[in-house]
Amino acid sequence: LQRTQNIIGEPKENPGLVTYSNIFTIQVGQSPDCLDVKFTAGPSIEKRMGNTTINSIAAATTLASTAGWSLFDFGAGGNLRYLVAAAGTSIYASSDRGVTWGIIATSRTQNYQSFERSKPYLIATSEAQDAPLYWAGSASTFMLSLATGSAPSVKYAIDFQGFLLLMNSNTRKRGVYYADNNLITTDPWNNSFDLPSSFDDEVTGATILNKKLYIFTKFKIFRVSYVGGNPDFSYQDVKDWGAVPRTIKKVTLPEVGEVIICLSWDKTIRIFDGSEDEIISAPIEEDNGMSDVSLEQVNANRLDRCFAEVDTNEQTYKLWVPIGTNNFPTHAIVYDYQVGAFYPYSNQNFMAATMSESGNTNNRILVAMRSSGLLYWMDTSNTDSGVAIDEHFDSPFFFYRTPRTAVKSQKVDLYFSVSSSGSLYYQERSNFSNEFKNKEIIQFADTGGKVQLVKSIDIPHTQNVYQFRLTSSASTADPWELNRTDYETTPLGVGKA
């Protein structure tokens with residue numbers, strides 16, 4: 001009658017955090033409450049890596065007191081590459097990937113800035129619709145006004161089919177202005193069109209997918225095509241939902257190809273292939289009363305403070321969000337688009353992030369900036385710049401066929417990678433108790449000559465429902481990685497244990 005249940009391998013659904021209020025829907029490889037762990041191929045579960053500080057406190061104070069309104073990686077030609085940051089009312093550039101900074105623009109409104117590349121130029125626009133600027137990347141030079149008196153002051157810009165498009169001006173929220181990208185500094189900027197929508201709608205961003213331009217508004221998506229002649233562009237209303245600014249990115253899904261991914265205003269995460277869309281965030285939308293993070297807990301009044309970046313090293317879409325009543329991001333919701341897993345990170349009070357390259361070496365890293373002006377190299381340390389990461393993973397609730405069946409538990413076998421180190425606390429609870437109790441401390445001292453570390457936890461209990469938690473309790477040792485768990489029980493029949 002002994003039953004062995006593999007609770008980490010071969011999941012029927014995608015692994016990761018699942019916050020359905022109905023806990024009985026949580027399956028193999030999923031968790032109703034986890035924080036600062038990630039779910040990788042296999043699937044395996046491991047403690048996340050932390051970050052290290054790139055610039056010194058003295059260098060950070062060079063930036064304005066409220067920093068991090070935007071980050072952008074700009075290749076200026078040859079091996080010259082700049083990390084560009086909007087900080088306070090100025091824009092800064094760094095040729096050594098954030099160690100030292102030089103100022104390239106002033107008198108900007110202290111608000112989110114947007115950057116785009118058009119031909120050799122870096123284009124800067126702002127949420128406050130400051131005058132657009134351009135910069136060729138020459139050291140010790142300032143950004144210049146783009147076609148002074150002609151180019152409209154807008155929120156967003158994108159380069160498409162040989163044209164620079166400027167979108168969302170103060171007087172035309174759905175207006176799209178365009179000029180030949182060879183002439184943007186002198187063009188009269190008198191070519192434009194408006195996207196049809198309600199009076200209260202406005203452009204929130206744009207991206208290119210399969211040679212088509214997709215412009216997002218609060219309520220719609222438009223497909224824009226270059227046709228040449230008069231007019232130069234045609235557009236089509238393709239979807240009746242819109243996207244939050246700074247969350248519109250592109251990822252490549254297995255067996256699907258390249259798609260757009262974004263946060264929509266109804267607090268769902270969607271993917272869009274140019275024709276069809278799908279909500280993928282259902283597993284993390286509800287507040288289940290256990291997890292600190294879900295989309296329901298994101299501050300709906302501060303969706304405009306959310307932002308996202310695709311980590312091409314980790315193959316993840318990272319969405320920074322303000323949880324509860326916070327006005328700025330506190331956590332990150334990570335979507336591993338290769339595995340199909342969502343999982344949350346804490347201590348993520350960053351203002352902006354980007355993938356940054358050193359010269360033209362293909363050495364790309366994810367960097368993020370806080371309001372202090374400090375810049376961080378993400379996923380590179382056992383701590384968050386010296387602050388221990390207090391992670392935890394909660395297993396699903398385990399029972400035999402129905403929670404009414406009493407079971408005699410024998411043991412739990414845990415299979416870890418040999419790279420695991422330090423101490424790991426095993427905690428448990430039963431019969432839907434809301435309190436975990438310490439059971440055992442797992443040590444990773446005997447790694448020599450092995451390809452897997454097997455730790456057996458004796459649980460001579462009788463209960464109806466069982467659950468365990470793993471946590472290193474803020475250990476600074478190398479992260480642990482769990483590859484499989486077997487839970488052995490003997491059913492005793494229907495009744496309360």
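## Strand β30 and the cysteines

In this predicted model, strands β30 and β31 (residues 341–345) pair in the antiparallel sense over five bridges. Across this pairing, Asp 336 has Ala 341 of β31 as its bridge partner. The hairpin formed by β30 and β31 has four residues between the strands, and Gly 340 takes a positive phi near 85 degrees there.

Strand β30 also pairs with β29 (residues 316–321): six bridges join the two strands, which run antiparallel. Here Tyr 317 has Tyr 335 of β30 as its bridge partner.

Strand β30, spanning residues 331–336, is mostly covered, with six of its six residues buried. In a regular strand, side chains alternate between the two faces of the sheet. In β30 both faces are covered: His 331, Ile 333 and Tyr 335 are buried on one side, and Ala 332, Val 334 and Asp 336 are buried on the other.

Turning to the cysteines, the number of disulfides is zero, where a disulfide requires two cysteine sulfur atoms within 2.5 Å. Cys 34 is in no disulfide, and its nearest cysteine sulfur belongs to Cys 306. Cys 262 is likewise in no disulfide, with the sulfur of Cys 306 as its nearest. The distances are tabulated below.

| Cysteine | Nearest cysteine sulfur | Distance |
|---|---|---|
| Cys 34 | Cys 306 | 19 Å |
| Cys 262 | Cys 306 | 12 Å |

Cys 34 counts as buried because its relative accessibility is 1%, and Cys 262 is buried with a relative accessible area of 1%.

Note on methods: Residues are numbered from 1 along each chain as its sequence is written. This is a predicted model: local features need pLDDT of at least 70, side-chain atom pairs count only at pLDDT 80 or more; totals for chains, interfaces and linings use all residues. Side-chain values use heavy atoms; hydrogens and water are left out. Buried means under 20% relative accessible area, exposed over 50%, partly exposed in between (1.4 Å probe, protein chains only). Two strands pair if DSSP finds at least two bridges between them.
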